[in-house]
Amino acid sequence: RCLQIPLDILTDSMRRLILFNSMIGIFIILLFGLVQIRYISRITNDIVRVADAMRVVEENHFSLRLHTKRRDEIGLIYAGFNAMAENLGKYFRKAVEEEVKNERMKTELVTNVSHDLKTPLTSIIGSSSSYLENYSELSDDERTELIANIRDDSQWLLNMVENLLTVTRIDDNSTDKVKKSPEVVEEVISEAILRLKKRLPDIRIRVSMPNDFLMLSMDPTLIEQVLINLLENAFVHSGSSDPIDLIIRDIDDSIIFTVRDYGNGVDEGQLPYIFEGQRSASPSADGHKGIGIGLSICKTIIRAHGGTITASNHADGAE
């Protein structure tokens, strides 16, 4: 037999079932939508928070940190922002410290240059004024002495200008700006001594070096300036008439240049600062002008070549 159900009864049941299922579906969709809206709202808030934090960091406030307990992608974004802010802070502090250091070095350089230029200029003005104003009253020896003083101080000024022109060619913090090429060490030394003897005819230098043919990658003009500065300082400030030794040694992958005098040596208290350009330009204990920036420039040149420079006393003088 067949079960017969009136069509209108079946239709009402299906309607109720469809309506119930539809209501359940709409509720689920609304619930899912509310969850999604809340999640998107949280993501939006997090993004806005990160964007606001970025604007704060742009104003150099690198101490800002974002905190969250989330372990999802947003948590990773927060962690990435915190790491970025910390690294930027370190870089910024380092840049500021470097800028302060550079400004201090510039100030010291200007101060030392001012001292080194002022002393010989004052002497030249004084000697020339005495020569012109008292010419008729001066003896030949006195006139000759005044002219000699003017010549010596003018030579000092020329040397200072050469040093200043040298230091403008290089950057103390980079070896990239020094144009190096393979050079014969003996030729560079010979040229430096020839240039120095034109300035100081009475200087005596003993050169000791290996018999081997030595080549060194360098800027020859800059290295010549270093040798001239060191040899001149040894001659002027040692207080000795003994020859100055220039010793060249080839050790491992380096070539060592030693300038050794046999005089008074260097004040032990001055040794740690001798290459910092902190010696004043006033007459020193030996009666000559101070070392000034000459040794500071030597340090700049040698560091730019990737080398090192030191000073010490030995039993009979300094090197």
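**Salt bridges in the predicted model**

At 10% relative accessibility, Glu 224 counts as buried (buried is under 20% relative accessible area, exposed over 50%, and partly exposed in between, with a 1.4 Å probe and protein chains only). The model here is predicted, so local features need pLDDT of at least 70 and side-chain atom pairs count only at pLDDT 80 or more, while totals for chains, interfaces and linings use all residues. Residues are numbered from 1 along each chain as its sequence is written, and side-chain values use heavy atoms, with hydrogens and water left out.

Now for the partner of Glu 224. Its side chain meets that of Arg 195 in a salt bridge (3.2 Å, N to O), the term for a side-chain nitrogen of Lys or Arg within 4 Å of a carboxyl oxygen of Asp or Glu. Glu 224 sits in helix 5 (residues 220-237) and Arg 195 in helix 4 (residues 185-199), so the pair ties together parts 29 residues apart in sequence; helices (H or I, at least four residues) and strands (E, at least two) are DSSP runs, numbered from the N terminus. Arg 195 is partly exposed, at 26% relative accessibility.

The structure holds six salt bridges. Another one of them joins the side chains of Glu 319 and Arg 260 (2.6 Å, N to O). Glu 319 lies in the segment after strand 7 (317-318) and Arg 260 in strand 5 (residues 254-260), so this pair links parts 59 residues apart in sequence. Glu 319 comes out as partly exposed at 31%, and Arg 260 is partly exposed at 24%.

Asp 140 and Arg 143 also pair up through their side chains, in a salt bridge of 3.4 Å, N to O. Both lie in helix 3 (residues 140-167), three residues apart, about one turn of the helix. Asp 140 is exposed at 57% relative accessibility, whereas Arg 143 is buried at 18%.
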